[in-house]
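User: Could you take a close look at the nonpolar interior of this model for me, and at the aromatic rings inside it? I work with computed structures, so please give the cut-offs as you go.

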Amino acid sequence: MADIKVKGGKYKPAYPGQTIVAENRRKYLDPNYELRKLRSISDEDVVRLLGHRVPGEAYKSVHPPLEELGEPPCPIRELVEPTPGAKAGDRIRYIQFTDSVYFAPLAPYVRSWMAFWRYRGVDPGTLSGRAPLEMRERDLELVAKELLETEVFDPARVGVRGATVHGHSLRLDENGLMFDALRRYVFDKEKGEVVYVKDQVGVPLETPVRVGKPLPEEELKKLTTIYRVDGISTRDDPELLNWVKRIHLLRTYAGFKLNKAENM
Amino acid sequence: MADKKLFIDALKKKFKEEPTDKYTKFYIYDGWKQSARKREFVEWAQKIAKERGIPAYNPEMHLGGIPVGQRVLMPYKISGTDVYCEGDDLHYINNAAMQQAWDDIRRTVIVGLDAPHALLEKRLGKEVTPETINEYLEVLNHALPGGAVVQEHMVEIHPALVADSYVKVFTGNDELADQIDKRFLIDINKQFPPEQAEALKKAIGKSLYQVTKVPIIVGRAADGGTISRWSAMQISMAMISSYKLMAGEAAIAEFAFAAKHAEVIQMATLTPWRRARGPNEPGGLPFGYLADIVQTNRKYPDDPVKVALETLAIGSVIFDQLWFGIYMSGGVGFTQYATAVYTDDILDDFCYYIADYVKKKFGGFAKAPRTMDTILDVATEATLYGLEQYERFPALMETHFGGSQRASVLAAASGVGAAIATGDAQAGVNGWYLSMILHKEHMGRLGFYGYDAQDQMGASNSFSYRSDEGLPLELRGPNYPNYAMNVGHTGEYAGIVAAAHAACKHAWCVNPIVKVAFADPSLKFDWTEPRKMIAKGALREFMPDGERDAVIPPH
């Protein structure tokens, strides 16, 4: 995992805002901050959930190991140490998350910013209802495990969904779970846990994967990076509001009256 | 207005729970069978499959046997009407009124008569009088739909197939207008409120323009690029016949040039080759032209919000559903984006809220200082108000279940707000872009990949007019580089243009000639009330122009 993580050094995220939501955004973007582990999911279960290979199966490769490949001289190649998956020639595979608007820990933009700041060799995507993350396969498995085991995942308000992601903005079901048309997960009332019975693209799992108990809403409100009127509203964070307005003014003037933008 | 929460009635009809409830039940609605429209589709598809021996529509094919309808398949209220329908009824292909709206635009070219008349009088020594003009118009009403006028032994077109084709004229000269046969006249004095009529007549002056409605079936058989050609051919022939001209002398080439080029106003410009379409196709239709084509401002001159909402609605149909959804993309996905701005009274609520805010703060419409401070103030308030409604009413959030829908609606309210506050469309579009980045930081999400890109850079070109750097919003269209794949934006931009000019009580936005050309009571699509027309289409009560019954077996 150390080969995949960004070394933060003295970097501190400069994201503005004086509320806990802004603080959480800064925290998750900070590669020096260790995400708090809340649950354990075995390596095999992560592989099952991803559905790209069966546990124990060798990684498929799309090119020979870099050592054998004989790369041409290149200053960028000398500067950037390849990740383990890149060295081995792994395929690029994905994990995709759906984050509920109801106080999920992350939202798509924060997820992408976080991926860029914390991990190497990532290709995140940012949409409203889903956030794909693509990496070399063995690197992906390590990152997926961290994303599933720590405070940035909640079994009820975050879904692992390769396709048919509809649900981020829907009301919650009677158990507080986010809607999933494919019903990849069920709620085990006895144990109070969420259990995945299908992998991320909806293929039934022979061995279900337990991802733990949903967090109480009050706890989610402490972890979330989403502003909401029934939580922390943007109106309560003038620093953030003013920062957005300043960016807007700078962009506007830069395209119209550049000298005005330069003096702001 | 905002205290009423205009969207509540629709939310109560859509969901059985209270709009403020955060919890519901899923997976119990019997999938597609909960929808009368889907049941109808299945019934038809089974019949079709049996007749043709090839499988057809089958909702059980969805997701390997998990059909749509795992949640409530909610109905939609057409905003500003009492009509509820199913989402399927709002797909362009399923809605005859939407098709009529576009057919009405594509089949239109406006051709000035000043140059041909000058040619007739000065070069050919012919007399042009109101009587000769009336005679020419009668000939052209025979020729334009496909009647022969000069040559012997010609084939012609069955009138029943082209009953929608005709020509009318208008002028700013009351004296001339009085002498034109009323069957051929778009009467500015009759169609517009007095102040608007005066402004339009002053702008148009003594010129005489003919609005040619080429047969719909011609546009469908070829494309918008043929409309001016068809019109020019029949205009030239009608001229030759009416004024007894020699067919083929050099002067006729000048008629043809005037009719094809010099005096022609196309509704839309051609698009570059990677999106290649001829003129009079939706990709080249400027926002300001669409705002002029919509006629709501002559019926509701004191309600700029309604003017904006009606323009937005049909703009979303033509730009999002038809241009991006069918011409550029294909398939069925784009309807969901587009309908958000004209269903369930949601954007209506947001816009009337911000209109009240503007009135209270600035003492009326188009009265606020045209400054960045006004834009920051109005667009921020519109965005935060709208976000708060989505968060206070989970049923509202579920209605606009896609981030692109919410982003479009909030930015539209912000743009309309800034536009009606300042009376300036550029201020409106700048407010749009502020809304987008504010929304993004608030929710941590916005639209899909391609949706967001242009909204990060849009502020920088919102006041730029120089070539390759910008354009007044009135003259931008889906063909503007930054808007070339811009679903959920362009219809709204047309609405922002309309809002700014309606706030100033302008009689038109860009082109008075286009405005008058669509003030034509003979059109089946009532351009003063686009949303009512869409609703009629959804209810299958809209009878469109254009059909083939006369040349196919009885059915």
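Analyst: The largest nonpolar core has 199 residues, and those that touch the most other members are Ile105(B), Phe170(B), Leu285(B), Ile314(B), Phe350(B) and Trp527(B). A nonpolar core here is a set of buried Ala, Val, Leu, Ile, Met, Phe, Trp, Tyr and Cys residues joined through side-chain atoms within 4.5 Å; buried means under 20% relative accessible area, exposed over 50%, and partly exposed in between, with a 1.4 Å probe and protein chains only. Helix α14 (residues 304-329) of chain B gives the most to this core, with 14 residues. Helices (H or I, at least four residues) and strands (E, at least two) are DSSP runs, numbered from the N terminus. Apart from this core lies another, of 35 residues, including Leu137(B), Leu208(B), Ile235(B) and Ala238(B).

Before going further, a note on the basis: this is a predicted model, in which local features need pLDDT of at least 70 and side-chain atom pairs count only at pLDDT 80 or more, while totals for chains, interfaces and linings use all residues. Residues are numbered from 1 along each chain as its sequence is written, chains are lettered from A and ligands numbered from 1 in the order in which they are written, and side-chain values use heavy atoms, with hydrogens and water left out.

Back to Ile314(B): leaving aside residues up to four places away in sequence, Ile314(B) touches Ala101(B), Leu290(B), Val294(B), Phe525(B), Trp527(B), Pro530(B) and Ile534(B), where contact means heavy atoms within 4.5 Å.

Now the rings. Over all chains, the structure holds 29 aromatic pairs. Rings of Phe, Tyr and Trp (its six-membered ring) pair if their centres lie within 6.5 Å; planes under 30 degrees apart count as stacked, over 60 as edge-to-face and the rest as tilted. Phe7(B) and Phe350(B) are edge-to-face, 6.4 Å centre to centre with 85 degrees between the planes. This pair links distant parts of the chain, 343 residues apart: Phe7(B) sits in the segment before α1 (8-14) of chain B, and Phe350(B) in helix α16 (residues 346-362) of chain B. Phe7(B) is buried because its relative accessible area is 0%, and Phe350(B) is buried at 1%.

Phe350(B) also forms an edge-to-face pair with Tyr385(B), at 5.9 Å centre to centre and 85 degrees between the planes. Tyr385(B) lies in helix α17 (residues 372-392) of chain B and Phe350(B) in helix α16, so the pair ties together parts 35 residues apart in sequence. With 5% relative accessibility, Tyr385(B) counts as buried. Phe7(B), Phe350(B) and Tyr385(B) belong to one aromatic cluster with Tyr353(B), Tyr390(B) and Phe393(B).
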